[in-house]
Amino acid sequence: MAVTKFWLGEGFIEQGASSQVMPRVIELLHQAVSLHTTQPPSKVSSFSWTPTEKAIICWAIQEMGMNTQELKETCSIVHDKAFDSVKTRGGFLMKKNDDNTIHVHWKGAPEAILAMCSQYYDTTGIVKAIDYDTREKLNHIAQAMAIDGLQCIAFAHKKSCIDLYENRISCQMLEDDCLTFIGLVGVKDPCQPGVGKAVEDCQSAGVNIKMITTEEALIARAIATECGTLKPERSMDSEVVEGAEFQNYTEEERMAKVDKICVMASASSSDMLLLVQCLRKKGHIVALIGTDTVDAAALREADVGISVGLQATDVAKESSDIAILDGDFVSVVKVLKWGRAAFNHIQIFAWFQLTVSITSLVIDFVTAVSASEPPTIKIVASISSGEIPFAALQVLWVKLIIGTLAALALAIGKPSKELMKCQVDGKPLITNIMWRNILAQAIYHIAILLTIQFKGRAIFSVDDKVKDTQMFNTFVLCQVFNKFNARELKKKNIFRRIHRNKLFISIIGVIIILQVVIVEFLKRFAGTKRLNWGQWGASIGIAAMSWPVAWYVNWITIPNKSFCPI
């Protein structure tokens, strides 16, 4: 934050032009800026200043030549009145040590300070009366600065006639009438770099951003327009609302207008909580960003509470679900992107697991009910008995493929840009498109594997041992090829961006190598028999047909309320 405009007398004072102002006026400005903060005088330090105070003090030191140490030595605080958020003003009573004179200083919102003033200083130090036209002009200047997004702080002064020794009670009552207006500063709180792009990314991702601020409506509108959360052409009445106004709505009015609100100005913590409750009643998924202790109730009420920055209080962090330490709104986009990626990976893994589980369940059930005798605990393959078609080590290998290795291949990876381009709707974990693909692949795998189980010996002219190995090999290779289908459940090009996922390629390579080792070299332990080149080619060809099946099924249109890619 930085002071960008300073109004004194009848015009703006440009940077570096402080020499045009009389020293008497500069002295009063120094006192008003340096001696009064939001903290009690005994606790004032550079660490307790608000960002606005820091900006004004830095400006006074750099542009107005303020010496804080000299002020502390020449002036002393008699009574300090903390800033009142309702009256939007604060003040203090001070004594000049060299002549023991008493002075009253006030600062706050322009409308609150101007209401207490009857005179103003010009640049030469001459005191002039504030008539109707002058008051209207000053109000107009303050309003114009607010429209530009500047936080306006006004300063006023009065020399007091209080006798500190005779009337100590009066020292606690600061005079608030017939003051002399000193000046008006405009503090700019610029958007962080990248906020505009981050807001645009969120909006394109289907996230509706609402800004809640304690600033007045004009300043809030300007900031929201600069950040991109509010379009310049939108109506002030429907898009920007003050907290008190929102509280005064009836329940029906709030529910009718809450979706249209983009900015809530002059908002308190209770206003924020009420807005979150109304949005949730409308069925929206609400994520709230907060940093202060007063935000705790709203953070707990929201579906997702997010605390940002190291300045976030412990209460806010404990009440939130996600803590972003860097305090940058751009990081919210990263949280959104990685959250969607995690959900997408879970869906992909669930799709793959369901396909394999349905296939295995049906095959085991069919082979079991077709058996002349109930299957024994020895699950060695035997076509004559119709027992479960896989040996123990084969089952363990299949579990490893569809479990650990599948999770590594499918559930780990960077989020794609498409996740941020698609609209978000509430949806189940398993979507219509997923069921379509699951059933298509499961039916194909079941049909081909049962054919090998019951007709494989005749088709390939082999004995039972080779037929069982052929079935096991085909089943594993079907899952390998199906992993490619799982990457892009909605896209027809399953190889898109595959070169970027080196982990996926590596895991596929490891599975193929280990499968060859199990079939060709671990015959005794795995219960397999070596296959010739033709039998390997048949297994690969049958498994590779999973790709054309997936490509064909993706042409079938099914109503789906999901976002991309599933």
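In which order do the strands of the open three-stranded sheet stand, and is their pairing parallel or antiparallel? The model is predicted: local features need pLDDT of at least 70 and side-chain atom pairs pLDDT 80 or more, while totals for chains, interfaces and linings use all residues. Residues are numbered from 1 along each chain as its sequence is written, and side-chain values use heavy atoms, without hydrogens and water.

**View 1. The open sheet of three strands.** The order is β13-β14-β15, with parallel pairing (strands are DSSP runs of E, at least two residues, numbered from the N terminus; two strands pair if DSSP finds at least two bridges between them). β13 (287-290) and β15 (322-324) are the edge strands, each with a single partner, so one side of each lacks a neighbour in the sheet. From one strand to the next the twist averages 25 degrees (axes are lines fitted to C-alpha atoms, with angles from 0 to 180 degrees between N-to-C directions).

**View 2. The pairing of β13 with β14.** β13 and β14 (residues 304-308) run parallel and are joined by four bridges. Leu288 stands opposite Gly305 in β14.

**View 3. The second largest pocket.** Its volume is about 680 Å³ (the space filled by probe spheres set on grid points joined across faces, edges and corners). A pocket is an open set of points on a 1 Å grid over the protein atoms alone where a 1.4 Å probe fits, with protein on both sides within 12 Å along at least five of seven lines; lining residues have an atom within 4 Å of a point. Of the 25 lining residues, Gly413, Lys414, Pro415, Ser416 and Arg497 lie nearest the centre.
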